[in-house]
Number of protein chains: 2
Amino acid sequence: MANQLRLSIDRSSPVPLYHQVVQGIEAAIHTGLLEPGSRLENEIDLAAQLNLSRPTMRKAMDELVRSGLLVRKRGVGTQVVSSQVRRPLELSSLYDDLTNNGSKPTTEVLTFAHIEADPATREALHLAAGAKVYHFTRLRKVGGKPLALMENWVRDDITHIDEDLLKTQGLYGILRSGGVNFRLATQRIGAMVANDYQAPLLETEPGSALVTMERTAVDDTGRNVETGHHVYRGDSYSFEMTLVQR
Amino acid sequence: MANQLRLSIDRSSPVPLYHQVVQGIEAAIHTGLLEPGSRLENEIDLAAQLNLSRPTMRKAMDELVRSGLLVRKRGVGTQVVSSQVRRPLELSSLYDDLTNNGSKPTTEVLTFAHIEADPATREALHLAAGAKVYHFTRLRKVGGKPLALMENWVRDDITHIDEDLLKTQGLYGILRSGGVNFRLATQRIGAMVANDYQAPLLETEPGSALVTMERTAVDDTGRNVETGHHVYRGDSYSFEMTLVQR
DNA sequence: CATGTCCGTTTGTTAGGACATACTCCGATT
DNA sequence: AATCGGAGTATGTCCTAACAAACGGACATG
């Protein structure tokens, strides 16, 4: 076929071969070298061309199928779905999203305390009675405009947290520096109208629409590290995501 | 170890072996046989106990790791994360969610038309000028209480759709019957306040909070099949999801 | 002409083996 | 006593090999 996937595989690289293939094909799709709808050569030929075994080639394609870039059909072949697919939903923080996006968010710490966890927090973080947590509320602005009002509860047996740290870094960045490897989070997104406390902080009117998000994050040791309740201005924030059928 | 995963593998079943293992371990976790935080035996021993090869065992565990039920650490072992993890976000429709949940949703069709696509719809569905689409608005109730107001645009070259069909089936069910295999969807979730049109239909007050959802769904041939704009009562609906770090 | 059957192609599943790499722990060395 | 290094263990990566199942088109048959 015309599909000349001129990828180069570097066997001396520490990057696994299958991942080099993933990156190569992703790049080919995003640069338009592989057009949406076009068919790839079959797994065996592709593997042969790159001097890889079929399982390795297949593992690479598995990832691309899972992320929604490719579609396979038995007896037919493998197609490129679309070049405009975003990564499926991953665990990231608002701060990460904004900085990746080129914006420069600023953070005001409204309250900060190191207190005994209330029962609801103990439940969410699986803590024993009497355990202490960091509790703080922050206001995040982008370009001087308030965007989010965030209230969080964090275990205190991970790393030290203080007000100054929160002003300059995102919470997830702090926790990652403290050795936390996030694995998963459950979150719930809904809506509410701004009350008299939220409205002035977000520089909007009471009664305007807010997006709410509650999240609890778990690290790779199974600890529930953090739980939070955030509200975002409905006129300037929404959650965008790609769902993939398994 | 004490971990007696007494799974039984049926080699004559059409269900792939690795998937039988996935189901078995999922069941063991949900029934509490495998407790959160407990360590599994190593891959090789588990494979030997079930008379499977290591790659097969590993493929099963791969899926469980991806779905967030297990955590692996090189040189250490594999642990159960938590029993209360939901499936990561999958492509499903509101109707599916409600019926799976045991509720009995009813649907009122407010408007129904087979019209030429407007430019925004053509853009969303990648249609040529002059192409026609089904356009309809529906009101979904559960237990007599309105929950969602849904407006959709659907390609007309897939399957015939009419008002009666929409009253008795979910849109995704209709499309699946028409041979559509959904692959992915991009969606955006936000918030707004109810206007004078929406409020009476949803039996709420103008100014109350609504969750908004815009979605475009793509099938396995790369066609953008459907796009829609839905609003949900904020006091009775929210999107819950599990994010997995890759 | 319509319909059913066979066959080649391509992905799906499974096996078994080999070596690499990261983590933990314990013993040896400084 | 503290620290460094190596053994043991577990997962991570990669390979060869084989058969199963689904799809689509060509072909044969009624």
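How many residues of chain A are in contact with how many residues of chain B? The count is 45 residues of chain A against 45 residues of chain B, where contact means heavy atoms within 4.5 Å.

Some conventions before I go on. This is a predicted model, in which local features need pLDDT of at least 70 and side-chain atom pairs count only at pLDDT 80 or more, while totals for chains, interfaces and linings use all residues. Residues are numbered from 1 along each chain as its sequence is written, chains are lettered from A and ligands numbered from 1 in the order in which they are written, and side-chain values use heavy atoms, with hydrogens and water left out.

Back to the two chains.

About 4300 Å² is buried between chain A and chain B, and carbon and sulfur atoms give 53% of that. Buried area here is the accessible area, with a 1.4 Å probe, that two parts lose on being put together, summed over both. There are 2 salt bridges between the chains, a salt bridge being a side-chain nitrogen of Lys or Arg within 4 Å of a carboxyl oxygen of Asp or Glu. One of them joins Arg188(A) and Glu240(B), at 2.9 Å from N to O. On the side of chain A that touches chain B, strand E6(A) supplies the largest share, 12 residues; strands are DSSP E runs of at least two residues and helices are H or I runs of at least four, numbered from the N terminus.

Now DNA strand D. It is surrounded by 25 residues, and the closest include Arg11(A), Thr56(A) and Arg58(B); near means a heavy atom within 4 Å. Sugar and phosphate make up 74% of the DNA strand D atoms that come within 4 Å of the protein. A side-chain N or O atom of Tyr18(A) is 2.9 Å from a phosphate oxygen of DNA strand D. For Thr78(B), the corresponding distance to a phosphate oxygen is 3.0 Å. Helix H3(A) gives the largest share of the surface near DNA strand D, 4 residues.

Notes
Polar contact = N/O pair within 3.5 Å; in protein donor to acceptor, adjacent residues only side chain to side chain.
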